[in-house]
Amino acid sequence: MADNSLPESWRFIKQVVEGRWFAVFASFLIMIGAGSTYIFGTYSKAIKSQFDYNQTQINTLGFAKDLGSNFGVFAGLLGEVAPPWVLFLVGSALNFWSYFMIWLSITGRIAKPPFWEMFLFICVAANSQNFANTAVLVTSVRNFPDRRGIILGLLKGFVGFGGAILTQFYLALYGHDNPTNLVLLLSWLPTVASMLFFLSIRPIKVRKDPDELRVLYHLLYVSIILALFLLFLTITQKQTVFTQEAYMSGATVIIGLLLIPLLIAIREEFMLFKLNKQTLNNNPTVPILMPEHEPSPKAPPTIQKIPEASTSCFSMTFKKPQRGEDFTILQALFSKDMALVFIATLTACGASIAAIDNLGQVGESLGYPSQTISIFVSWVSIFNFFGRVFSGFISEALMTKYKLPRPLMFAFSHLLTCIGILFIAFPYKGSVYAASLIIGFGFGAQVPMVFAIISELFGLKYYSTIFNCGQLAVPIGSYILNVDVIGKLYDIEAAKLGGVKNGKGLTCTGTHCFSGSFLILAVVVLFGAVVSLVLAYRTQDFYKGDVYNKYREDMWIPQSDMEFYCIDDRKKGGNNLPRMDMPPKYNFLKL
């Protein structure tokens, strides 16, 4: 066999690169690139000054960013028919083209584009991340079906502080004098990451690993250390003047921390590599070569879907399967559970993004200095990460150990966000510090739980499209609450109670500027919490059972090292379960 002819060191490297934990490491790096949408505020200043846009136009471009980042239906539909590497290639091409066109525009290398073209560039730039996002999330959930809450929390956590990491790389490479270079960085760095690892992230069928949870906790510890270092670095940079060498030193430490998951992957693969050697040495069984033309024994029949051909799509839409089974796209979209998920997401995530987008103006209206306002924004990003990873781990533990419905934890994240919003509706000295921390954590907690709930209720068969349809609630909610509620009420308060005309519209100072609008936001989020509680009540019987049982049926936990022997199964069929510590064509049978 070809692999046995390789030196042992090369076989080990091949095993590492083709392993599931290396795919997790690669996913972390790609998801950092998806965090580029969170630093629009940094380079939007360059767009505003270069093209002399007013604040309304910049807010419209911000909506283009929100629309593009949450409209992932095309990526979802492509993910249903194409392998993950196709999504990475499409996303990389769109990412490079859109950001490079923005960079050419703001540096004057091409003629000033019409406003609608800039809207399109920014929308496509944000939307390009959905292709990598969909490929990574869907593949990871299928690779860790009974740890999906945890893996979603980790992956979305890296998106959460991805903007902070990209900012540090920008400062290390280009300095902080010219934000146009940040756009150039966004055009090539996420593209390079996707092109390097696009073949590593793929569905990998594995036997159940008893140490899986331990490894995931190790990855959690590394990500927390990275987040704390970013928090320290960001606050320090606001207080002192950094030289270019200091920026480069900080970026070097970040790179070192990012490589620790790779070391964890190598450690796990090395342990399994030794186990495999011991198994083969202790077992005299000669590897059996199964001919390619010969079907695997006990191959399952493939005629089960024949009756579905005579059933119309419309009639099947309203014949919904049990929760947890694989829904079709239309069955999921027209279900009551999806309606509740959509409303809860619209209210919670929409209000959170509206609050975060206006946090700078809130601090300005309450008299906070600009340096302090920058700290607010940084805190939102860092605690957004903490919310994402902790909600994944905690909600998974409460669901599996105590059988609590995950929508119940989703409702709790609503209440937490509501408290943070009330700190702004009824401000006192230093309340915005607490608000930025709580809102950032609450919003971070909501994101992975939405994706996990959708995967649990509607199955994984059409997950890539269903979750992208579900997250359309985010831009709808943020647009309504940001433009029609906060924006209009702010202008009314500014005009009525002493607003100042500064050439860019009315400005407002005082506690009254945002108190009314944020009180409305708090009521909206509270309504969303009630909707989530209704969903929790409807699904309580489902969550009392074993939600992941159907995914464990295809796995088994080995009781000893001698429960395996190796065969070369080129047909990938029968009852053989691929083992995670060997190249894909190697399977192990239980003795």
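Me: How many helices and strands are there in the chain?
Reply: The chain has 25 helices and six strands, where helices (H or I, at least four residues) and strands (E, at least two) are DSSP runs numbered from the N terminus. This is a predicted model, in which local features need pLDDT of at least 70 and side-chain atom pairs count only at pLDDT 80 or more, while totals for chains, interfaces and linings use all residues. Residues are numbered from 1 along each chain as its sequence is written, and side-chain values use heavy atoms, with hydrogens and water left out.

Me: What share of the residues is buried?
Reply: Of the 591 residues in the chain, 54% are buried, meaning under 20% relative accessible area with a 1.4 Å probe and protein chains only, whereas exposed is over 50% and partly exposed lies in between.

Me: Take leucine 185, then. Where does it lie, and is it buried or exposed?
Reply: Leucine 185 lies in helix α10 (residues 180-197), and it counts as buried because its relative accessibility is 0%.

Me: What does leucine 185 touch?
Reply: Leaving aside residues up to four places away in sequence, leucine 185 touches Leu166, Phe169, Tyr170, Leu173, Tyr174 and Pro190, where contact means heavy atoms within 4.5 Å. Leucine 185 and phenylalanine 169 are 16 residues apart in sequence, and their C-alpha atoms are 8.6 Å apart in space.

Me: Phe169 is in the contact of α9 with α12 too. How do those two helices cross?
Reply: The axes of α9 (residues 162-174) and α12 (residues 244-258) come within 8 Å and cross at roughly 135°, so the two helices are oblique to each other. Here angles under 35 degrees count as roughly parallel, over 145 as roughly antiparallel, 65 to 115 as roughly perpendicular and the rest as oblique.

Me: Which residues make that contact?
Reply: From α9 they include Ile165, Phe169 and Leu173, and from α12 they include Tyr247, Ala251 and Ile255. By class, the contact of α9 with α12 has twelve nonpolar, two polar and no charged residues, with Ala, Val, Leu, Ile, Met, Phe, Trp, Tyr, Cys and Pro counted as nonpolar, Asp, Glu, Lys and Arg as charged, and the others, Gly among them, as polar.

Me: Changing topic, how do α16 and α20 cross?
Reply: The axes of α16 (residues 336-357) and α20 (residues 431-458) come within 10 Å and cross at roughly 160°, which means that α16 is roughly antiparallel to α20. The contact is made by residues including Val341, Ala348 and Ile356 of α16 and Phe443, Val450 and Leu457 of α20.

Technical notes. Axes are lines fitted to C-alpha atoms, for helices over the stretch in contact, and angles run from 0 to 180 degrees between N-to-C directions.
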